[in-house]
Amino acid sequence: MDSQVLVALALSLVGGLSTSIGALLVILSGAPSLKTLGLLQGFAAGLMLSISFLDLAHNAMNSIGFLKGNLWFFAGVVFFAIVANFIPEPTLAPTSDGKSEKKNGDEGGKDIVKKHRRQVLYSGIITAIGISLHNFPEGMAVFLGSLKGLRVGINLAVAIALHNIPEGVAVALPVYFATQSKWQAFKLATLSGFAEPLGVIIVAYLFPSSLSPEILEGLLGSVGGVMAFLTLHEMLPLAFDYAGQKQAVKAVFLGMAFMSASLYFLEISLPEEISL
């Protein structure tokens, strides 16, 4: 394997494994309450929407034109809307009646938590898929940046590492809440980060020899559509249910603002010839 590819792989691992740091923050702080979970789900939804609309879709439209960028974006939405019809929705246990809740006292609250765990786990898996898809172009950027020089590659890897910590939180939090397993939360968050070195391998051996820049930008725009659909279809309803609409909406915009700032600082760390 070429030495430049090895250097880029090492740097992308630094950035990708920072999702593990986010998972550790979740594990060490303990499982949240339902309201806290809802607020953090709203924050994670804001991260995902910002990536979808302000990063992937925006770049696709700038690179291949407004019409083509939109067509690719909505192709991703339609594609995953069709796929979602074949994905079984998590079924919730029936809610106990008022008399049994009075008899059980605090056990009623525990039953409410248990009945939501499958749905929350499903949301965590969806988040992991979305974050993994987003990490592919970041791995590509690390590879292209390392070609400009080791200093550029290191700066970019550090910027991506800081950028990926909240993504690790977004993945690990619902998984830890649903499974009560520190290992499962850590494992899934870490695996989502491994998409970054995979992006290095893809760009090193497929781009630009067999994949045109226009198709690549279009595919990334489609990824934005997939992530937007997943967020609005799965994550946002959970945030509304657990935290209430007003509080969840505030958390969404806070997440969007945080990710927008993160993307800005990531972008200014890149050389002019390279763009995320």
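Among contacts in the protein chain between residues at least 6 apart in sequence, what percentage join residues at least 24 apart? The share is 87%, where contact means heavy atoms within 4.5 Å. The structure is a predicted model, in which local features need pLDDT of at least 70 and side-chain atom pairs count only at pLDDT 80 or more, while totals for chains, interfaces and linings use all residues. Residues are numbered from 1 along each chain as its sequence is written, and side-chain values use heavy atoms, with hydrogens and water left out.

The protein chain holds 11 helices and 0 strands; helices (H or I, at least four residues) and strands (E, at least two) are DSSP runs, numbered from the N terminus. Of its 276 residues, 47% are buried, that is, under 20% relative accessible area with a 1.4 Å probe, protein chains only. The accessible surface, from the Shrake-Rupley method with a 1.4 Å probe, is about 13,400 Å², and 68% of it belongs to carbon and sulfur atoms.

Two packed helices are described by the angle between their axes and the distance between the axes. For α3 (residues 34-64) and α4 (residues 66-84), the angle is about 135° and the axes lie 6 Å apart; axes are lines fitted to C-alpha atoms, for helices over the stretch in contact, and angles run from 0 to 180 degrees between N-to-C directions. The two helices are therefore oblique to each other, since angles under 35 degrees count as roughly parallel, over 145 as roughly antiparallel, 65 to 115 as roughly perpendicular and the rest as oblique. On the α3 side, Ser-52, Phe-53, Ala-57, Ala-60, Met-61 and Ile-64 take part, meeting Phe-66, Lys-68, Gly-69, Asn-70, Trp-72 and Phe-73 of α4.

Definitions and conventions: Buried < 20%, exposed > 50% of the residue type's maximum accessible area, 1.4 Å probe, protein only.
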